[in-house]
Amino acid sequence: MGRFARPSWLRFREPGIRGHQAAAGWLFLAPVIVILGLFLVLPILMAAWVSFSDWSGNGSPLGSHAHFVGLNNYRHLLTTPGLDQNNFGTAIRNNFYYVILVVPIQTAAALFLAVLVNRRIKLAGFFRTAFYFPSVTSSVAITILFLFLFSPAGAINKLLSYAGVNGPAWLYDPRGLLHVILGQLGVNQSPASLSSGTLLGVSYWDWLSGPSVAMCVFVLMAVFTTSGTFMLLFLAALQNIDESVNEAAGLDGASEWRKFRHITVPMIKPTIFTVLTLGVIGTWQIFDQIYVGTQGSPQGTTLTPAFLSFNASFNGNEWGVGAAVAFILFAIIVFFTVVTRIATRDRDRLPRRRRFGPPRGGPTRRSRLASAVSGVLR
């Protein structure tokens, strides 16, 4: 076979982009590049410079009113005891509990709604519209509605009164949910080891307080307004599943739960990753609901990093500190996005260098699908 090998001088080059074609391509891309550079890249670079400066908002951040201070703004938030560090730690704690409650609940609710409306039921179109409607409504309008519902004399407490329950002052109650539960069990004093130690200016006992009663209102609001949007993503993924796979599993005796667990969930895993990622980003960036609703009150238990960044910059004229909060928040979002990607990645995915074909003697996509169906009954 060696004599039939093609000489190196006979190898043909694949057609590439000629000079005028490349110039035409760059010409068409130029408007987008200019727009992104002016309104995305340049503001990010300026914000990065502000986070390393002491700019107070007067004059230009690139003028004589701003001086380079290095990492002082970051140290001020992370390592220097004081009010700013306490507010930052409180905001991180509040937002952390908000994320770990909202993301799983809204993902599960969206998937449940998608499975529900994906079935052949009457008025399926009506239910799809009804579930999605809160997502297209203004977040400000939804916030005002929830302020009315959860006011001390609002509709929620009125309904609770019919059951003999004296509803709390939802948006004015700073108690942590876990502290309320512990109080009902007779634990009203924190251990000395938890009250003396601190992290980011917040005691360990306060870190373990859970979301405040007021923050729970925003959790319910987030689940109510975003589940419909994510339901549409799940619905599109469910409709792309070949029905013959579920029919084959049904003929083998698989129950609906086992088909859902072993067939549906693995096949919509990319959509699950997308929903989780969007949920993590959206929940860490919560701002408008807090701004309209409570502005961090009561006692800072609804304070979030996004609102803290705004408040430090526009109200406190500490633009360097506000920009530092924004970049720390960006790092947190990237970290949790990477964790989500690792947690939802496909364990059976082939290595990148062999992705264009199955390994010799290894399972093909069809054989893996067949084994997944047969594995339902194991």
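F287 is partly exposed, with a relative accessible area of 26%, where partly exposed covers the range between buried (under 20% relative accessible area) and exposed (over 50%), for a 1.4 Å probe and protein chains only. The model is predicted: local features need pLDDT of at least 70, side-chain atom pairs count only at pLDDT 80 or more, and totals for chains, interfaces and linings use all residues. Residues are numbered from 1 along each chain as its sequence is written, and side-chain values use heavy atoms, with hydrogens and water left out.

F287 takes part in two aromatic pairs, listed below. Rings of Phe, Tyr and Trp (its six-membered ring) pair if their centres lie within 6.5 Å; planes under 30 degrees apart count as stacked, over 60 as edge-to-face and the rest as tilted.

| Pair | Centre to centre | Angle between planes | Type |
|---|---|---|---|
| F287 and Y291 | 5.7 Å | 20 degrees | stacked |
| F287 and F310 | 5.3 Å | 65 degrees | edge-to-face |

Y291 is partly exposed at 37% relative accessibility, and F310 is likewise partly exposed at 21%. F287 lies in the loop between α13 (269–284) and α14, while F310 belongs to helix α15, 23 residues apart. Helices are DSSP runs (H or I, at least four residues), numbered from the N terminus. One aromatic cluster is formed by W55, F287, Y291, F307, F310, F314 and W319.

Helix α15 spans residues 305–315, and its buried residues include F307 and L308. The buried residues of α15 pack against α3 (83–118), α14 (288–293) and α16 (319–344), a contact meaning heavy atoms within 4.5 Å. After α15 comes N317, whose phi is positive, near 55 degrees.

Notes
Helix = DSSP H or I, 4+ residues; strand = E, 2+ residues; numbered from the N terminus.
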